[in-house]
Amino acid sequence: MPNDNSTLLPSVRSFLSSPRQMLIDGEWVDAKDGRTFATVNPSTEEVLVDVAQGSAFDVDRAVAAARAAFEEPSPWSRMTPRERSHLLWRIGDLIEAHADEFAQLEALDNGKRVTAARDGDVAVAAELFRYFAGWATKMEGTTIPMSVPGRAFHAYTRREPVGVVAAIVPWNFPLLMACFKIVPAITAGNTVVLKPAEQTPLSALRLGELLLEAGLPAGVVNVVPGYGDTGAALVEHPGVDKVAFTGSTEVGKKIAAAASGNLKKVSLELGGKAPNIVFADADLDAAVAGAVLGGYFNEGQCCVNGSRLYVQRAVFEQVVEGVAAAARAIKVGDGFDASSDMGPLVSQEQHEKVLSYIRGAVDQGAVLNAGSADAARERGYFVTPTLITSVTEAMAVQTDEIFGPVVTAVPFDTEDEVVAAANNTVYGLAAGVWSRDLGTAHRVGARLRAGTVWLNTWHADDVTLPRGGFKQSGWGRELGSFGLDDYTELKTVIAELR
């Protein structure tokens, strides 16, 4: 809990007052074996509430419920696209109406600031439902002329739902990532079994309550919290038609292998180690501000953060000094503290992982221009925003996805040199270029192997835009009109006209 429990809304206090169950077939139920796990406030290290821990048996129940809800003649299968559209819009309105509640739950469970959760995560979650509400009635096929001498045919395509979707989401944007999976899935007419991250299950469970309140039929969305074994049971389940996963590349590879059992479809948004390139002719004030936002956004726990900063040598010291000064000015504190600029990392495990990367870099001769290899506070999983120089391309701090407020800065001389360094990674999720010369910006942007490239900005985004990665950063795309493709099957229908 925050230090002053009076800051919590009555609805949040009520939500945390008793153990949270899982949602299966429209009912709130305990795990079959009665197991629970504690979810912890990363700012205080105190237990928030116990949550039902799903087993393979519970996954079986949830998949069966999702299958029954998907197949004819269920209420969901008979719902028209217009009815789905209205339902999606209604859910968006409910999320907006409960924005403060969701923001507090995210701050408690994840550690992020209440204002960041409300104005960012929750607002975008509501907008996702509204945006995709418009797509529910626009999933159209095409007619295709056939050329068979002496015979006449009418050929056309249909977009149809895949079936039962297993959605497995991470802890850095708990509500938003759940919506990234649920919204396009149900827009297309699928049903879902959601496995939230064990570190942050609360907003997904609260979302489940709102989905039922909005009128979503039983079994269309099921929420089964648990650990890796719960997710593995979902991925391997023969009744699941598709897996949608956001998380680490290591786990993504395991999911791809496990999904081969019944050749279920798989979409993956995986790790990143985004290069952020600043040329000497850039607007340096804007570039410094962009590097700070790109590096430290969401406590550094964002797969598209610009954690590798490359700066042309003529302005390297100036940019490093600017970023370091800004990093030192960031106030780290409880997400409920209005004066805080950055909350804690999500867990003790993540806290120790990030600090070990910083210590390892220092041991190898790197220099801390801002930040520390020690915990920022005695209690809570806080890390000081860190800027590291004198790194080599072989250091772990430069090659690995750290997922914390850690940025490395490296000088470069030529365009070819920096493009080669930027692309020298197994990842390809995001990248950025800063230059007043638009020719340079667009040319270099085109050479970067990444799913999203920002030019003279960072973290500019919209629900209309596709996102996803090159190389080991994933398969498929999410959001925008492209976000529906991975949740549909394309059927060809051919009729002979006699």
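Student: A crossing is right-handed if the near helix is turned clockwise from the far one by less than a right angle, and left-handed if anticlockwise. In which sense does H5 pass H6 here?
Tutor: This is a predicted model, and in it the crossing of H5 with H6 is right-handed.

Student: What angle and axis distance go with H5 and H6?
Tutor: The packing angle is about 120 degrees and the axes are 8 Å apart. H5 covers residues 99–110 and H6 covers residues 114–135.

Student: OK, another pair. How do H11 and H12 pack?
Tutor: H11 (residues 284–296) packs on H12 at about 50 degrees, with 9 Å between the axes. That angle makes H11 oblique to H12. H11 passes H12 in a right-handed crossing.

Student: What is that contact of H11 with H12 made of, by class?
Tutor: On the H11 side are Leu-284, Val-288, Ala-291, Val-292 and Tyr-296. On the H12 side are Gln-318, Val-319, Gly-322, Val-323, Ala-326 and Ala-327. The classes come out as nine nonpolar, two polar and no charged residues.

Student: Where does H12 lie relative to the strands?
Tutor: H12, residues 316–329, lies across E11, E12, E13, E14 and E15, and runs at about 65 degrees to E13.

Student: In what order do the strands of that open sheet come?
Tutor: The order is E13-E14-E15-E12-E11-E16-E17, seven strands with mixed pairing. E13 (367–370) and E17 (452–455) are the edge strands, each pairing on one side only. From one strand to the next the twist averages 25 degrees.

Student: Parallel or antiparallel for E11 and E12?
Tutor: Parallel, over four bridges, between residues 275–278 of E11 and residues 308–312 of E12. Asn-276 stands opposite Leu-309 in E12.

Student: Which strands does H15 lie across?
Tutor: H15 (residues 415–423) lies across E11, E12 and E15, at about 175 degrees to E12. H15 also packs with H16 (residues 438–447), at an angle of about 35 degrees and with axes 10 Å apart. The crossing of H15 with H16 is right-handed.

Student: And which residues make the contact of H15 with H16?
Tutor: Glu-415, Asp-416, Val-419 and Asn-423 come from H15, and Arg-443, Val-444 and Arg-447 from H16. By class that is two nonpolar, one polar and four charged residues.

Student: Backbone now. Cis or trans from Glu-72 to Pro-73?
Tutor: Cis, with omega near 5 degrees. Pro-73 is in the loop between H2 (56–70) and H3 (75–78).

Student: What is phi of Asn-456?
Tutor: It is near 55 degrees, which is positive in a residue other than glycine. Asn-456 belongs to the loop between E17 and E18 (474–475).

Student: Last one. What feature does UniProt place at residues 28–493?
Tutor: The unreviewed UniProt entry gives "domain: Aldehyde dehydrogenase" for that span. In the model, residues 28–493 are 39% helix and 19% strand, and the end C-alpha atoms lie 41 Å apart.

Conventions. Residues numbered from 1 in each chain as written. Predicted model: local features only at pLDDT ≥ 70, side-chain atom pairs only at ≥ 80, totals over all residues. Heavy atoms only, no water. Axes fitted to C-alpha atoms, helices over the stretch in contact; angles between N-to-C directions. Helix = DSSP H or I, 4+ residues; strand = E, 2+ residues; numbered from the N terminus. UniProt positions renumbered as here; feature names shortened; annotations may be inferred. Pairing = 2+ DSSP bridges. Contact = heavy atoms within 4.5 Å. Nonpolar A, V, L, I, M, F, W, Y, C, P; charged D, E, K, R; others polar. Parallel < 35°, antiparallel > 145°, perpendicular 65-115°, else oblique.
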